[in-house]
Amino acid sequence: MAKGDLGIDLGTASFIVYQKGKGIVLYEPSVVTVSRKTGEIIAVGEDARKMIGKTHKDLVAIKPMKDGVIANYKVIEAVLREFFKRTIGKFKFFKPEVVIGVPTKITSVEKRAVFEASISAGARKVHIVSEPLAAAIGAGIDVTKSEGSMVIDIGGGTTDIAVISLGGIVVGDSIKVAGTTMDEAIVKYVKKKYGLVIGETTAEEIKKNIGKVHPDYDTFEMEIRGRDAVSGLPRTDVINSDDVMEAIRPAINTIVTKLKAILEITPPELASDIIENGIILTGGGSLIRGIDRAIEEEIGVKAMTTEDPIMSVAKGTGILLDDKQLLQTVAETYER
Ligand SMILES: Nc1ncnc2c1ncn2[C@@H]1O[C@H](COP(=O)(O)OP(=O)(O)OP(=O)(O)O)[C@@H](O)[C@H]1O
Ligand SMILES: [Mg+2]
């Protein structure tokens, strides 16, 4: 592949682009602002995020990825075009080859749509790879060996669980319980316990700053600003890590239950590999303190968070840009 070719993770929370020969070149929130009147894309990523709540009526902020799947292909096409422009520049003669991570549950029609969107945006060739596979590759796992590995990718919109062997996903599933679910749970909890109405952005900050999911971890406090649920007036309150743990417990339980269900249908040889080698945790949601411990205690199998888990999928697509043979094994290639 040529220098300049791109690996792309279109996530619910962020868009990440890896450029061959350079590494991660873009890391932007997955938000786009669009003109209501003309349908024109006004801003992509951080620029768009800054406009939220501050724009005039004609502009609307869109999250083109919802629950881990592409909700709006026209917008994604524009996003890809913008990313091609930002990374490759306006060289009309160079059309990049791209590797794109997609959710496990994507249908063949949706894959086709990802391909069409990429081609219209200016790509020459499109390789589509399942996100958990890309994440495992990005985490440095040899996915082609016959030994089984288990990967849990806790993202913004979805948690993907996959048992990988011989370059493919043997068993796996995806649930719509992930980082955003935790934020929503914190909003509800704070309203119920403290009578304070906060937004999801505040909830996310709380989760990232003081969140934990295992009682043995330190408890911290954080002062938060919100609106009193009764008087409607602004006020502050103090919440702590135990509140977060309590609030997000149902979400963690759902993930653990799914994990158990998948282990139960995993072929016994692969299951014994997993018991021996452990479970790999990736995605931004795996950064919450104590999630490895919590999973370990519930399942009885060692769980390890990868280094830089938010970047795993993008890094995996980057590795694939350099390894044609592996790419052929794990990806589906579309060309016009
Ligand atoms: N330190 C942290 N502690 C807890 N959660 C975190 C932390 N940092 C990021 N997150 C959460 O990780 C999630 C984003 O993870 P990631 O970037 O892997 O998602 P994504 O790939 O965009 O989404 P998806 O894979 O679902 O489409 C967000 O919900 C964010 O709040
Ligand atoms: Mg992801």
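This is a predicted model: local features need pLDDT of at least 70, side-chain atom pairs count only at pLDDT 80 or more; totals for chains, interfaces and linings use all residues.
Figure 1. Lys 208 is found in helix 6, the helix that gives the most to the shell around ligand 1, with three residues. Glu 269 is 61 residues from Lys 208 along the chain, and the C-alpha atoms of the two residues are separated by 37 Å.

**Figure 2. The shell around ligand 1.** Ligand 1 is surrounded by 23 residues, of which Gly 11, Ala 13, Gly 155, Gly 179 and Gly 284 are the closest. By residue class, the shell around ligand 1 is made up of 14 polar, six nonpolar and three charged residues. Both domains take part in the shell around ligand 1, with at least three residues drawn from domain 1 (6–134 + 312–335) and at least three from domain 2 (143–306). Among the elements that line ligand 1 are helix 5 (179–194) and helix 6 (200–210), each of which supplies at least two residues of the shell.

Figure 3. Ile 248 lies in helix 7, which comprises residues 241–264, and counts as buried because 26 C-beta neighbours are found inside 10 Å, where 20 or more are required. When residues up to four places away in sequence are left out, Ile 248 touches Met 182, Ala 185, Ile 186 and Val 213. Thr 333, by contrast, is 85 residues from Ile 248 in sequence, and the C-alpha atoms of Ile 248 and Thr 333 are 39 Å apart in space.

**Figure 4. Helix 2 and the glycine that follows.** Helix 2, formed by the 16 residues 73–88, reaches 22 Å from its first C-alpha to its last, which is close to the 22 Å expected at 1.5 Å a residue. The buried residues of helix 2 are Val 75, Ile 76, Glu 77, Ala 78, Val 79, Leu 80, Phe 83 and Phe 84. An α-helix has 3.6 residues a turn, so residues three or four places apart point the same way. Helix 2 is followed by Gly 89, which has a positive phi, near 90°.

**Figure 5. The contact between domain 1 and domain 2.** The domain assignment divides the protein chain into domain 1 (6–134 + 312–335) and domain 2 (143–306), and the centres of these domains, taken over C-alpha atoms, are separated by 25 Å. Where the two meet, 18 residues of domain 1 are in contact with 20 residues of domain 2. On the domain 1 side of this contact, strand 7 (65–66), helix 4 (131–138) and helix 11 (324–330) each supply at least two residues. The residues of that side divide into seven nonpolar, seven polar and four charged.

**Figure 6. The protein chain as the setting of these views.** The protein chain contains 11 helices and 19 strands. Its radius of gyration is 21 Å, close to the 20 Å that the globule rule gives for 336 residues, so the chain is as compact as a globular protein of that length. Taken along the principal axes, the C-alpha atoms of the protein chain fill a box of roughly 60 × 55 × 30 Å. Of the 336 residues, 47% count as buried, and among contacts with a separation of 6 or more, 64% are between residues 24 or more positions apart.

Methods
Residues are numbered from 1 along each chain as its sequence is written. Chains are lettered from A and ligands numbered from 1 in the order in which they are written. Helices (H or I, at least four residues) and strands (E, at least two) are DSSP runs, numbered from the N terminus. The expected span of a helix is 1.5 Å times one less than its number of residues. A residue is buried if 20 or more other C-beta atoms lie within 10 Å of its own, exposed if 12 or fewer, and partly exposed in between; C-beta atoms are placed from the backbone. A residue is near a molecule or strand if its C-beta atom, placed from the backbone, lies within 6 Å of it. Ala, Val, Leu, Ile, Met, Phe, Trp, Tyr, Cys and Pro count as nonpolar, Asp, Glu, Lys and Arg as charged, and the others, Gly among them, as polar. Domain bounds come from an automatic or database domain assignment. Two residues are in contact if their C-beta atoms, placed from the backbone, lie within 7 Å. The radius of gyration is taken over C-alpha atoms; the globule rule is 2.2 Å times the number of residues to the power 0.38.
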